[in-house]
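I opened my notebook for a first look around this structure. Here is what I looked up, entry by entry.

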Amino acid sequence: MAHQVPDDGTLLPLMEEFYTIQGEGYNTGKAAYFIRLGGCDVGCHWCDVKESWDAEMHPLTHSDTIVQNALRFPSKAVVITGGEPLIYNLDYLTQNLQAQGIKTFIETSGAYPLSGNWDWICLSPKKFKASIQQVADAANELKVIIFNKSDFAFAEHHAKLVGPNCKLYLQPEWSKNKEMTPLIVDYVMANPQWEISLQTHKYLNIP
């Protein structure tokens, strides 16, 4: 039987949840509770969590249960990721997390309209499905994955869409790390409005 995710976001397809250290972008190095929702139609060929794509594979879980699970850990910061989490209405989940004093962070491709209440929005746009301006306007952080040289132009295009206070990051795609990192270093030195993001959790061998 197909999932029937309620429009009010009280039930969500939960792939996994775990306590770890944020490995990427502006909040690198900070403890956070990660909530990974199933379901994505963006379809990046280099995605390292392809098992998240099919929402049917992941049990519908009450948002109240997710909040209670997050409260068991000392860090009062939650990162909601996917998949593509904005497929779902995240108002209920984020309101209840924030009511418990937990800060809410999201990582999204920006391909769907923004829902939820957020302390930090990381926009990581993908070529396979365009992001929408509403998410770009709200983004605190733009994180562009560099898989090949053409991605630098893609990054500059999106930098024009976000606000003037949005942090700008270039991150090498993990499988192309050795090839792309030197190019990113050179690019950031020539264009210092950008910063480098590395997947430090992979170097640390943690989730």
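Before reading any strand pairs, I noted that two strands pair if DSSP finds at least two bridges between them. Helices (H or I, at least four residues) and strands (E, at least two) are DSSP runs, numbered from the N terminus. I also wrote down that this is a predicted model, where local features need pLDDT of at least 70 and side-chain atom pairs count only at pLDDT 80 or more, while totals for chains, interfaces and linings use all residues. Residues are numbered from 1 along each chain as its sequence is written, and side-chain values use heavy atoms, with hydrogens and water left out.

**Entry: the sheet**

I started with the strands. I found 9 of them in an open sheet, in the order E3-E1-E2-E4-E5-E6-E7-E8-E9, with mixed pairing. The edges are E3 and strand E9 (195–196), each of which pairs on one side only.

Next I looked at single pairs. E1 and E2 run antiparallel and are joined by 7 bridges. In this pair I found Tyr-19 opposite Tyr-33 of E2, and Glu-17 opposite Ile-35 of E2. On to E4: E2 pairs with E4 in the parallel sense, over 4 bridges. There Ile-35 stands opposite Ile-80 of E4.

How many residues of E2 are buried? I took buried as under 20% relative accessible area, exposed as over 50%, and partly exposed as in between (1.4 Å probe, protein chains only). The count is 6 of the 7 residues, so E2 is largely enclosed by the rest of the structure.

**Entry: Pro-13**

I stayed with strand E1 and picked Pro-13, which is found there. Pro-13 is buried, at a relative accessible area of 0%. For touching residues I used contact, meaning heavy atoms within 4.5 Å. Not counting residues up to four places away in sequence, Pro-13 touches several others, including His-3, Val-5, Arg-36, Leu-37, Ala-55 and Tyr-88. I also checked Thr-200: it is 187 residues from Pro-13 along the chain, and their C-alpha atoms are separated by 27 Å.

**Entry: helix H1**

Which residues of H1 are buried? In this helix (residues 63–70) I listed Ser-63, Ile-66, Val-67, Asn-69 and Ala-70. They lie on the same side of H1, because they cover an arc of only 160 degrees around the axis; the arc is that of the directions from the helix axis to the C-beta atoms. A reminder to myself: an α-helix has 3.6 residues a turn, so residues three or four places apart point the same way. The buried residues of H1 pack against strands E1 (11–21), E2 (31–37), E3 (60–62) and E4 (77–81), and against helix H2 (91–99).

**Entry: helix H4**

I moved along the chain to H4 (residues 151–159). Here 7 of the 9 residues are buried, so H4 is largely enclosed by the rest of the structure. I wrote them down as Asp-151, Phe-152, Phe-154, Ala-155, Glu-156, His-158 and Ala-159. These buried residues pack against strand E7 (141–146), strand E8 (167–172) and helix H5 (177–190).

**Entry: two loop residues**

Where is Lys-127 found? I located Lys-127 in the loop between E6 and H3. Lys-127 is partly exposed, with a relative accessible area of 43%. Leaving aside neighbours within four places in sequence, Lys-127 is in contact with Asn-148, Ser-150, Asp-151 and Phe-154.

Is Ala-139 buried or exposed? Ala-139 lies in the loop between helix H3 (133–138) and E7, and it is buried, with a relative accessible area of 8%. Ala-139 touches Ile-121, Leu-123, Val-162 and Cys-166, not counting residues up to four places away in sequence.

**Entry: the cavity**

On a 1 Å grid over the protein atoms alone, a cavity is a set of points where a 1.4 Å probe fits but cannot get out, and lining residues have an atom within 4 Å of a point. The structure holds 1 cavity of 30 Å³ or more. About 60 Å³ of space lies in the largest cavity, a volume being the space filled by probe spheres set on the points. Among the residues lining the largest cavity are Gln-22, Val-79, Phe-105, Trp-120 and Glu-141. E5 gives the most to this lining, with 3 residues.

How values were computed:
1 Å grid on protein atoms, 1.4 Å probe; cavity = no way out; pocket = protein on both sides within 12 Å on 5 of 7 lines; lining within 4 Å.
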